[in-house]
Amino acid sequence: MINILFAAGEARWEEYKHVLPKALKAAGLTADLSRDHAPQDTDYIVYAPNPALKDFTPFTKTKAVLSLWAGVETIVSNTTLTQPLTRMVDGGLTEGMVEWVVGHTLRHHLGMDAHIVNPKQAWTPKAPPLARNRTVGVLGLGELGASCASALAALNFNVVGWSRSARDIPNVMCQSGSEGLEATLAVAEILILLLPLTTATENLLNEQRLAQLPKGAVIINPGRGQLIDDDALLDALNEDHVAHATLDVFRMEPLPWDHAFWKHPKVTVTPHIASETRADTASEAVAENIRRAETGAPLLNLVDRSAGY
Ligand SMILES: NC(=O)c1ccc[n+]([C@@H]2O[C@H](COP(=O)([O-])OP(=O)(O)OC[C@H]3O[C@@H](n4cnc5c(N)ncnc54)[C@H](OP(=O)(O)O)[C@@H]3O)[C@@H](O)[C@H]2O)c1
């Protein structure tokens, strides 16, 4: 019997208590999923940050901690967590992110705001350019960024992407390194941020880098709020250098009610809904990783502690 401790909070338990046991069974595992296993009896921990479990020291026989979150910035620095840590890669999460990113990109590309609620009675026809004449930059070409870049390329956008290591994605001009970042920013009329939050990516989009974007660029951030210097972004919007920012993630969530983003006419705030882990597909991912660990196969989506993601 494999003992799996579910340590991801009450609301998640309601979502997972039936689907995860089914996925474990389908993976051929005989497992006891519970919220009450004693630390010394726990083989695996299914985890999302929560106040009840912050100290992993007593889990001496635990073989892995499986995060239900894709972003692990709040866990990766926990020095008591010495067990192998995996992050969530879930087909449903990726699909949702692709739909959200493509939708918001098309909004700006097509200039939908000019007509969608008939803001003024005016007949001033201005056809949007074709996607083939629009360049979209994607910062971060991991599970989510690469899928979004491919979906945008399939719609004929010119897609330039940037990552830490060199990547090769069909129909996407892939860049890496600091020169690659400059080259990406210089051409990105619409810039999508899908980087993890690490010490290397915090405040990446600062005043200097915002200035490298073409005038009138649009920023779409479903990555993490801390990737952008908020004040520098507000300045760039107020100076008309950046035309609009669609932001799904923030330094503080919920976004404080007095934050300038709420009322800014060039900012769209969405409440961290770009995509979420789906219990059914995520359960399959968790079960597959436990199956792999039990059969001696390498774990999928292991977090690289030194890189921070
Ligand atoms: N808003 C939402 O609803 C939502 C939902 C899920 C996730 N997210 C966010 O999306 C992020 C990305 O998720 P993912 O699954 O795509 O992560 P991932 O697979 O780990 O990909 C991360 C990408 O960022 C690149 N990268 C990391 N550090 C870098 C650096 N210093 N310079 C340049 N590139 C760097 C990586 O480069 P390499 O390819 O070289 O490794 C990789 O291409 C998550 O960390 C989370 O913050 C948001």
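## Notebook: loops, strands and a helix pair

I began with Asn156, which at 41% relative accessibility counts as partly exposed. The model I am reading is predicted. I placed Asn156 in the loop between α5 and β7, the latter spanning 158–163. Phi of Asn156 is near 85 degrees, a positive value in a residue that is not glycine. I noted the background: most residues other than glycine have a negative phi.

I then turned to His272. I found His272 in the loop between β12 (267–269) and α10 (279–294). Buried or partly exposed? His272 has a relative accessible area of 34%, so I logged it as partly exposed.

Next, peptide bonds. Most of them are trans. The bond from Glu253 to Pro254 is cis, and I read its omega as near -5 degrees. Pro254 sits in the loop between β11 (242–247) and α9 (260–263).

**Helix pair α3 and α5**

I looked up how α3 (residues 91–110) and α5 (residues 143–154) meet. Their axes come within 9 Å and cross at roughly 50 degrees. The two helices are therefore oblique to each other. I also checked the hand: α3 passes α5 in a right-handed crossing. Which residues make the contact? From α3 I listed Leu93, Thr94, Met97, Val98, Val101, Val102 and Thr105. From α5 I listed Glu143, Leu144, Ser147, Cys148, Ala151 and Leu152. I sorted the residues of this contact by type and got 9 nonpolar, 3 polar and 1 charged.

**Arg107**

I stayed on helix α3 for Arg107, which is found there. Is Arg107 buried or exposed? Its relative accessible area is 16%, under the 20% limit, so Arg107 counts as buried. I then asked what Arg107 touches, leaving out residues up to four places away in sequence. The partners are Met112, Asp113, His244, Thr246 and Thr268.

I moved to β3, residues 44–47. Both of its faces are covered. Tyr44 and Val46 lie on one side, Ile45 and Tyr47 on the other, and all of these are buried. Strand β1 (residues 2–7) runs parallel to β3, and 4 bridges join them. For Ile4, I found the bridge partner in β3 to be Tyr44. Strand β4 (residues 64–67) also runs parallel to β3, again with 4 bridges. Which residue of β4 is the bridge partner of Tyr44? I noted Ala64.

**Ala236**

My last entry is Ala236, in helix α8 (residues 230–238). Ala236 has a relative accessible area of 7%, so I recorded it as buried. I looked up its contacts, again not counting residues up to four places away in sequence. Ala236 touches Leu210, His241 and Val242.

Notes
Residues numbered from 1 in each chain as written. Predicted model: local features only at pLDDT ≥ 70, side-chain atom pairs only at ≥ 80, totals over all residues. Heavy atoms only, no water. Axes fitted to C-alpha atoms, helices over the stretch in contact; angles between N-to-C directions. Parallel < 35°, antiparallel > 145°, perpendicular 65-115°, else oblique. Left-handed = near helix turned anticlockwise from the far one by under 90°. Contact = heavy atoms within 4.5 Å. Nonpolar A, V, L, I, M, F, W, Y, C, P; charged D, E, K, R; others polar. Buried < 20%, exposed > 50% of the residue type's maximum accessible area, 1.4 Å probe, protein only. Pairing = 2+ DSSP bridges.
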